[in-house]
Amino acid sequence: LLEKHNFSQEERENCINVINKEAERLKRMITDLLYLNKLEEGGVDMKMEDSNVYRVIGEALDVMRVQIQKRGLQLEIKGDKIPKMIEFDSEKIKQVLINLISNAVKFTEKGKITIAIKDNKNDVQVSVKDTGVGIEKEDFEKVFDKFKQIDNKLKTEKGSGLGMPIAKGIVEAHGGKIWLESELGKGTTFYFTLPK
């Protein structure tokens, strides 16, 4: 097909690269959608075991560190020491953290990302705060809706619109809650809890 249109070799390669990239994006979207449907139907197995919150945060940051550095963002980790291990699925909570940190990077042009841990009586609260563009109050609910995306004023690459609904599904499957606070021009903080 490409040969019929007299494209140069470079143009052909560019077309093939675009097709491959879009095919990968579509594959990721289908995988995410299937996973989200399983979460909503309670069909995802949770590997609940005693885990360390700080260790899982460290693993999520290992995945995201290059993106954070490319943006030139500062990183801060602060909060309470958790007196003991708590029970959760560490791989799935790592996925939640990667989604939250990825969003923070995507919407923050300069400044820092702060990850904080708070030890409450009945749960552990984790927050991911950025100094980015912020979200309008009327858009708060859209963040957790399937395929809804908030306008990204930084014009970075758009995702599938499923990352935050998946994060919500995972947190709720643990019996926790997830929510956000934000102010336009001043950044956003996402919070989630893990019951003890």
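Reader: What counts as a helix or a strand here?
Author: Both are DSSP runs, numbered from the N terminus: helices are H or I with at least four residues, strands E with at least two.

Reader: And the ground rules?
Author: It is a predicted model, where local features need pLDDT of at least 70, side-chain atom pairs need 80 or more, and totals for chains, interfaces and linings use all residues. Numbering runs from 1 along each chain as its sequence is written, and side-chain values use heavy atoms, without hydrogens or water.

Reader: Salt bridges next. How many?
Author: The count is ten. The rule asks for a side-chain nitrogen of Lys or Arg within 4 Å of a carboxyl oxygen of Asp or Glu.

Reader: Why would such side chains pair at all?
Author: Opposite charges can pair when the charged atoms come close.

Reader: Which residue does Glu 59 bridge to, and at what distance?
Author: Arg 55, at 2.6 Å from N to O. Both sit in helix 2, four residues apart, so about one helical turn separates them.

Reader: Is Glu 59 buried, partly exposed or exposed?
Author: Partly exposed, with a relative accessible area of 24%. Buried is under 20%, exposed is over 50%, and partly exposed lies in between (1.4 Å probe, protein chains only).

Reader: OK. What does Lys 142 pair with?
Author: Asp 139, in a salt bridge of 3.0 Å, N to O. Asp 139 is buried, at 14% relative accessible area. Lys 142 reaches 35% and counts as partly exposed.

Reader: Jump to Glu 172. Which partner?
Author: Lys 168. Those two side chains form a salt bridge of 3.1 Å, N to O.

Reader: Switching to packing. How do helix 2 and helix 3 cross?
Author: Their axes come within 9 Å and cross at roughly 25°. Axes are lines fitted to C-alpha atoms, for helices over the stretch in contact, with angles from 0 to 180 degrees between N-to-C directions.

Reader: Which residues make that contact?
Author: From helix 2, among them Arg 55, Val 56, Glu 59, Ala 60, Val 63, Met 64 and Gln 67. From helix 3, the list includes Ser 90, Glu 91, Lys 94, Leu 97, Ile 98 and Ile 101. Contact means heavy atoms within 4.5 Å.

Reader: And at what angle does helix 3 cross helix 4?
Author: Roughly 145°, with the axes coming within 9 Å. Lys 92, Ile 93, Gln 95, Val 96, Asn 99, Leu 100 and Asn 103 of helix 3 meet Gly 163, Met 164, Ile 166, Ala 167, Ile 170 and Val 171 of helix 4.

Reader: Last one. Where is Thr 193?
Author: In strand 7, residues 187–195. Thr 193 is buried, at 5% relative accessibility.

Reader: What is Thr 193 in contact with?
Author: Leaving aside neighbours within four places in sequence, Thr 193 is in contact with Asp 123, Val 124, Gln 125, Val 171, Gly 176, Lys 177 and Trp 179. One of these, Val 171, is also in the helix 4 set that meets helix 3.
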